[in-house]
Amino acid sequence: MDAPHRSGCPINLTLEILGDRWSLIIIRDIMFGNRRHFRELLQNSQEGIASNILADRLKRLVERGLLTRDDDPTHKQKAIYSLTEMAIDLVPLFAHMGAWGRKHLPVSEELSIRAELLEDGGPALWEDFMEELRARHLGKVLPPGTPSVLGRLTEAYLEVVARKKSA
């Protein structure tokens, strides 16, 4: 049974689910990094999440309805994590958090380029990205030739990384 909530305030309730140090980072990595397996999330964590913390947060995010966990059809011993509609609805929150961070904090160019593109693209780009995530995670079919927002964000990130390496 769920523990009682501190209050019925929507901000409090949101923080009870997402307010720890790792939950939003894991959702970010699934959403923007297309990391769907435990090992990918663990090995590619720029913040260095410990395996026991990752396992605990994935379990919690599944229990809270932000992720689903299914057997990976390509490998018997792997699970694949998918975003739910509840998690996909966080795209605008991520866009606003990224914009706030770019404005007020000493961000790196390569790790803030996606936030810049989301900020510049505004709600129309966020909705396109959410539709793409629905296709990737929920099986929604997109019209043929729909451009990939994730592809555009990843390409911009890789361009900055390559430019910095060659400088």
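A nonpolar core is a set of buried Ala, Val, Leu, Ile, Met, Phe, Trp, Tyr and Cys residues joined through side-chain atoms within 4.5 Å.

**How confident is the prediction?**

The average pLDDT of the chain is 94, and 98% of the residues score at least 70. Among the elements of the chain, α5 has the highest mean pLDDT, 98, while helix α1 (residues 10-18) has the lowest, 90.

**The core**

The largest nonpolar core has 39 residues, and the members that touch the most others are I26, I27, M31, L83 and F129. At least two residues of this core come from each of α2 (23-33), α4 (51-63), β2 (79-83), α5 (85-88), α6 (91-104), α7 (109-138) and α8 (149-166). Which element gives the most? It is α7, with eight residues. As a general point, nonpolar side chains in soluble globular proteins tend to be buried together.

Setting aside residues up to four places away in sequence, L83 touches I27, I30, M31, L66, L67, I88, L133, H137 and L138.

**Helix α2 and its residue I27**

Helix α2 is mostly covered, with nine of its eleven residues buried. Those buried residues are S23, L24, I25, I26, I27, D29, I30, M31 and F32. Just after this helix, N34 takes a positive phi of about 55°.

I27 sits in α2. Is I27 buried or exposed? Its relative accessible area is 0%, and a residue counts as buried under 20%, so I27 is buried. Apart from neighbours within four places in sequence, I27 is in contact with L18, L61, L66, L83, L90 and F94. I27 and L58 are 31 residues apart in sequence, and their C-alpha atoms are 9.3 Å apart in space.

**Two helix pairs that share α6**

Helix α6 packs with α2 at an angle of about 105°, with the axes 12 Å apart. The two helices are therefore roughly perpendicular to each other. On the α2 side the contact is made by L24, I27, R28, M31 and F32, and on the α6 side by V91, F94 and M97. By class, these residues are seven nonpolar, no polar and one charged.

The axes of α6 and α7 come within 8 Å and cross at roughly 175°. That angle makes α6 roughly antiparallel to α7. Here V91, P92, A95, H96, G98, A99 and R102 of α6 meet S112, A115, E116, L118, E119, W126, F129, M130 and L133 of α7. This contact has ten nonpolar, three polar and three charged residues.

| Helix pair | Axes | Angle |
|---|---|---|
| α2 and α6 | 12 Å apart | about 105° |
| α6 and α7 | within 8 Å | roughly 175° |

S112 belongs to helix α7. It is buried, with a relative accessible area of 9%. Not counting residues up to four places away in sequence, S112 touches R102 and V107.

H75 lies in the loop between β1 (67-71) and β2. With a relative accessible area of 35%, H75 is partly exposed. H75 and E40 are 35 residues apart in sequence and 14 Å apart in space, C-alpha to C-alpha.

Notes: Residues are numbered from 1 along each chain as its sequence is written. This is a predicted model: local features need pLDDT of at least 70, side-chain atom pairs count only at pLDDT 80 or more; totals for chains, interfaces and linings use all residues. Side-chain values use heavy atoms; hydrogens and water are left out. Buried means under 20% relative accessible area, exposed over 50%, partly exposed in between (1.4 Å probe, protein chains only). Helices (H or I, at least four residues) and strands (E, at least two) are DSSP runs, numbered from the N terminus. Contact means heavy atoms within 4.5 Å. Axes are lines fitted to C-alpha atoms, for helices over the stretch in contact, and angles run from 0 to 180 degrees between N-to-C directions. Angles under 35 degrees count as roughly parallel, over 145 as roughly antiparallel, 65 to 115 as roughly perpendicular and the rest as oblique. Ala, Val, Leu, Ile, Met, Phe, Trp, Tyr, Cys and Pro count as nonpolar, Asp, Glu, Lys and Arg as charged, and the others, Gly among them, as polar. pLDDT is the predictor's confidence in each residue, from 0 to 100.
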